[in-house]
Amino acid sequence: MSKARDSRHLSTSSSQLEGGQQESSSGADTSGVTGGTGKDIEVTAPGSSSGTGFLGATGSQRDVIQHQEAPKVQAPVAQLSEAELRGGWALTREVFDRATKHPNVTVVSWTSPRVLLVHNFLTPQDVEHLVALAEGGYQRSEVVSDDAAVSSARTSSGVWLSGQRRDAKVREVQHRIHDLLGIPEPFGESIYVLRYGLHQRYDVHTDHCSSEGDFGGATACQTFLQRAGGPACGLGAGGVTCGDRLATFILYLRSPERGGSTVFPLASQYIKPQTPASNAQGTPGKSEAAALLRRSLQHGSEAQPEQAEPAPGATGSGSSLENQLGVPLYCREGAPFLQVSPAPGSAVLFWDFVPAGDMHQPGDLATPDPASQHGGCPVLAGEKLIATRWIRASQFA
């Protein structure tokens, strides 16, 4: 297997699933969006100290908007049939586009890969709760590979929020993730908290085992797919992804002082905001909104407002520290690649599979997106904490 396929997110520990099953090391690796109840809420800029961040508001302005809940497109889990839970659920275009309609979501990359930034998905209290739950449980992160599970390609440590760590708040966060996406909650793996210390990283990889036409030939991938009914596809098996991971939802808990971005090296068409100025009324104009987005993608920091948008002709040649550490070009500051590292409390969703083409009935099949390859860039200063929920297309056990 290539590096892009054998670097999979796993944990070293065993823990209890919600239904009492064992979650072993072979398992792969937040309530609606804050304010998503149809009530009026106060919004401020992403990265500000209070309020619910939303693209278009400035730190000095506060507006009241009608915060609409995303449209319901899936039946509640209690109404799902056994067939739907075990391979009969469909990835429709309606599901695929659902989260893009939420007012707290910015579409960073619409095509391949589909990447969404969710502003202030977690409250500060939520963040601290998840951080505290993870303490004392970190173990070296592993990869799915027929070779050694511990790999130099992935140097973080992690802990599953399962068993006693899956408390009422964790269940609430899980519910909010699935309410935003419209994907049944039993399809999700346990939330996995990852800690990246100084210089730690995860090389570019995919979160799925599949390449088009090849659903996990390696032994480790076969076991990985069996957790959700694979490697067989469709009804009574692994559904539209043949047991593989459909989507990845990352919660940002601690931002490093420098480095540590989530990078998508194969993203070719993504938001590069560089448009003209604010309007005469003083409300945020396009350039101001562009600066807001840059700050959202880079820790929400007012101190480094321009880092996410490289200067014309930038080569990403790198600082002396980057050169010393051998930081890849796509991870270097100012390099023309999609790098995402938003403020704590934000979330990023990207799709590992996408709805298949016209040759299939809508929802019958999904296809892996090769541009979903991503990596965790080395932390150059400080510490990075994220929490990830990986989601399948059939019930995960």
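Good morning. The protein contains eight helices and 21 strands, where helices (H or I, at least four residues) and strands (E, at least two) are DSSP runs numbered from the N terminus. This is a predicted model, in which local features need pLDDT of at least 70 and side-chain atom pairs count only at pLDDT 80 or more, while totals for chains, interfaces and linings use all residues. Residues are numbered from 1 along each chain as its sequence is written, and side-chain values use heavy atoms, with hydrogens and water left out.

Of the 397 residues in the protein, 54% are buried; buried means under 20% relative accessible area, exposed over 50%, and partly exposed in between, with a 1.4 Å probe and protein chains only. The protein exposes about 15500 Å², of which carbon and sulfur atoms supply 51%, the areas coming from the Shrake-Rupley method with a 1.4 Å probe and, for residues, only the protein chains shown counting as cover.

I turn now to helix 4. Helix 4 spans residues 124-134, and its buried residues are Asp-126, Val-127, Leu-130, Val-131, Leu-133 and Ala-134. These residues lie on the same side of helix 4 because they cover an arc of only 160° around the axis, the arc being that of the directions from the helix axis to the C-beta atoms. The face turned away from the buried side carries the exposed residues Pro-124, Gln-125 and Ala-132. Just after helix 4, Gly-136 adopts a positive phi of about 85°.

Finally, consider Pro-368, which lies in strand 18 (residues 366-368). Pro-368 is buried, its relative accessible area being 9%. Its C-alpha atom is separated by 9.6 Å from that of Thr-206, 162 residues apart along the chain.
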